[in-house]
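Please open the structure in your viewer and keep the selection tool at hand.

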Amino acid sequence: MNRVVRVQRDAFDTASITSHLTADRTDIGALVTFTGIVRDHPLLLEHYPAMAERALNRIVDEAADRWPLHGCAVIHRYGELAPADPIVLVATASAHRGSAFEAAAFLMDWLKTRAPFWKRAPEGWVAAKAEDDSAVGRWG
Amino acid sequence: MSLKILYFAWAREMTGVAAEQAPLAPTPDALAGLLSSRSLGHAELFSARATLKLAVNAEFADWDTPLADGDEVAFFPPVTGG
């Protein structure tokens, strides 16, 4: 499986990441990308550097155990972000669309509850959402 | 015999420090008791353990996870990435 996991301050280039996932493979029939975008107000993203990339790799490992993925990318940004800035990218490549769609949804649900990042909005720290916990629960 | 302690997000703001050292304690629960005496902010943070998450050596851990000399213990709010 082609894998790209990065924790970075800078913006990411989705096209270059997905081309890395599909490089040298002719068995990929489905590529799903999800981009999370900063909405409404600026955010400061704090993270735990020693843990963040390791946690993202764990989440990718779990997705690869559950679905037959040929490629998987997770990019998460930190630092100061403005409305309309991309903040997170999840990309999954598989033979068929079912696995790619499901794995992408799973990755986002797990990211929300298992990746050590904290959002700060102008009015204060963003609280964890109960619906994120229930969303992750559907995967067992 | 010591531990490296890290705080993130509002846990860092409450204690007023991002990192500090502490003597070895058997578990994060025991460590929290020890750290609570350092400042009012520490005491307030560790009085609300139900809302606090933690990691030992950059892995999610529990309040009764055994600690060893040199471990890095991080305290932080529930994560809000993605």
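Begin by selecting Glu46(A) and Arg12(B), whose side chains meet in a salt bridge with an N to O distance of 2.3 Å. A salt bridge here is a side-chain nitrogen of Lys or Arg within 4 Å of a carboxyl oxygen of Asp or Glu. The rule finds four salt bridges across the interface of chain A and chain B.

Before continuing, note that this is a predicted model, in which local features need pLDDT of at least 70 and side-chain atom pairs count only at pLDDT 80 or more, while totals for chains, interfaces and linings use all residues. Residues are numbered from 1 along each chain as its sequence is written, chains are lettered from A and ligands numbered from 1 in the order in which they are written, and side-chain values use heavy atoms, with hydrogens and water left out.

**The interface**

Next, display both chains together. In contact (heavy atoms within 4.5 Å) are 25 residues of chain A and 20 residues of chain B. About 1900 Å² is buried between the two chains, and carbon and sulfur atoms give 57% of this area. Buried area is the accessible area, taken with a 1.4 Å probe, that two parts lose on being put together, summed over both.

**Helix α2 of chain A**

Now select residues 49-66 of chain A, which form α2. Helices are DSSP runs of H or I with at least four residues, strands are runs of E with at least two, and both are numbered from the N terminus. The 18 residues of α2(A) reach 27 Å from the first C-alpha to the last, close to the 26 Å expected at 1.5 Å a residue; the expected span is 1.5 Å times one less than the number of residues. Which residues of α2(A) are buried? They are Met51(A), Ala52(A), Ala55(A), Leu56(A), Ile59(A), Val60(A) and Ala63(A). Buried means under 20% relative accessible area, exposed over 50%, and partly exposed in between (1.4 Å probe, protein chains only).

Move to Thr33(A), in strand β2 (residues 30-37) of chain A. Thr33(A) is partly exposed, at 38% relative accessible area. Beyond four places away in sequence, Thr33(A) touches Thr14(A), Thr18(A), Leu89(A), Val90(A) and Ala91(A).

Then select Asp40(A), in the loop between β2 and β3 of chain A. Asp40(A) has a positive phi of about 75° although it is not a glycine, and it is exposed at 66%.

Finish at Ala84(A), in the loop between β5 (79-81) and β6 of chain A. Ala84(A), also not a glycine, has a positive phi of about 85° and counts as exposed at 60% relative accessibility.
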